[in-house]
Amino acid sequence: NAPRQLVFTSNQGKVVNGVLDGKFDVAFVRTDQIERTKNATGELVDPARLRILQPQPGLAIDGVAFPFESSTPLYPEWNLASLGHVSDEVASEVQAAMRALAGHADVVYAILGCYEECAAGDGDADDGAEEEMAGGGGAGGGGGGLVGAALEECRAACRDDADLTAGGRCDTTVELALAAAEAKTNGKYTGWRSTLSYMELRNMQVETNFIRRNETSGLQQCIRSSKIYDAIVCPPGHFRRREEEVLAGCALAGLPCDEGFQCICRPCVKSFDVDVFPVGYHVEDGLGLVRDADGSNGQTTVAASASVDDEEKAAGCPKMELCGSIEQTKPIRFRAVDNKKRSGVDLSVFVHAGQSKTREIHATPVLPTGNETETFMYEFVISEPRVGVVVLEILADGEQIPESPLRLEVKPRNCAADNGDTLSVAQADGSC
């Protein structure tokens, strides 16, 4: 059930609206993104129009119920860290300030409520301030909120009367509370706390290959790709297509990709380490990408067991399967694709044909035709004079590939067709 297309928008609000507009069938966003997303008219979207898939039950942090539904366990969010040259004293002060921020901000909510009352004209202003009521005065004048000096006086009273211990702290000032509330709003967070364990998060990142082993240093490190192609990791038994194939994949599949989005369509293909197949063997991988459709004038046929009509099947011939069928003396050309993309592989083929002496063939690299420096494809040609089954043992840099050996069937030559003589028949050595 692999998706036909995966879209990266670089904006989670566009992800939510894309689902609501029918552009996407399913999407991934962080918790609380739905509740804060606005539509094209600037209104908050209705969360009831969306369904969270397989919400986890009983989500809580330190015994406090988590306020949003989530399809996954809860993982720690962004952490605050200091560089090595920052002194312990400064780091401790910053840490203490961040942990105190939520408590300071809690004081503001009562103050802001009082501000609203002032604006509505319900605040505790003195009698003289009634003259500065908006719309106040003569006949027909209506009531309204405070303005000018009266409004400022009312707001000052709100600050003076505020309970500065409402947040559970004794060092809160009005100025500090206002600054803390503004930081929370702009930063879109509730507060800061001592860190949760990042081990489960790290384990998840390792399992999904966001953290990988650096082949040069041997160290585990986060993957920060400059382009989306470099970030693609295929599951076991699958290999990443070449970059030009991935970039063209959605267009070839007839799936649009909006401007500013990055889209990938089936970037991985189920394959062996090295796919080996006869040329003329039509391998269409579901995106219209045909590896080789070279005709062979009937000289080469392919066994049914090697047919690939389903993109979920491997494109190469399986181990010990019949990988082709030819007539005596007629050549058959094979292509090998190194899905591991090893540079400069020495691909050799040992041909075992009954009582004949085993011979070795070295495959020739297929030269690139575009901007590639290497195709990771190789070709070799085989012809056999005697009827029977030939065994092909294939080695890459001296090691037999997992799919080796393969079998090739050699049938009697059709001399009547070759010579236009119905009396012409094939001899043991393939001559007529």
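A nonpolar core is a set of buried Ala, Val, Leu, Ile, Met, Phe, Trp, Tyr and Cys residues joined through side-chain atoms within 4.5 Å, where buried means under 20% relative accessible area, exposed over 50% and partly exposed in between (1.4 Å probe, protein chains only). Please keep in mind that this is a predicted model, in which local features need pLDDT of at least 70 and side-chain atom pairs count only at pLDDT 80 or more, while totals for chains, interfaces and linings use all residues. Residues are numbered from 1 along each chain as its sequence is written, and side-chain values use heavy atoms, with hydrogens and water left out.

Let us start inside. The largest nonpolar core has 26 residues, and Val 276, Phe 334, Phe 380 and Ile 382 have the most contacts within it. Several strands (DSSP runs of E, at least two residues, numbered from the N terminus) each supply at least two of its residues, among them S9 (274–278) and S12 (332–338). Strand S17 gives the largest share, four residues. A second, separate core of 15 residues includes Ala 105 and Leu 151.

Now for the cysteines. A search of the whole structure finds seven disulfides (pairs of cysteine sulfur atoms within 2.5 Å). One of them joins Cys 118 and Cys 154, with sulfur atoms 1.9 Å apart. This link is left-handed, at -80 degrees about the S-S bond. Cys 118 counts as buried because its relative accessibility is 0%, and Cys 154 is buried at 2%.

Another disulfide pairs Cys 415 with Cys 432, S to S 2.0 Å. Here Cys 415 is buried at 1%, whereas Cys 432 is partly exposed at 38%.
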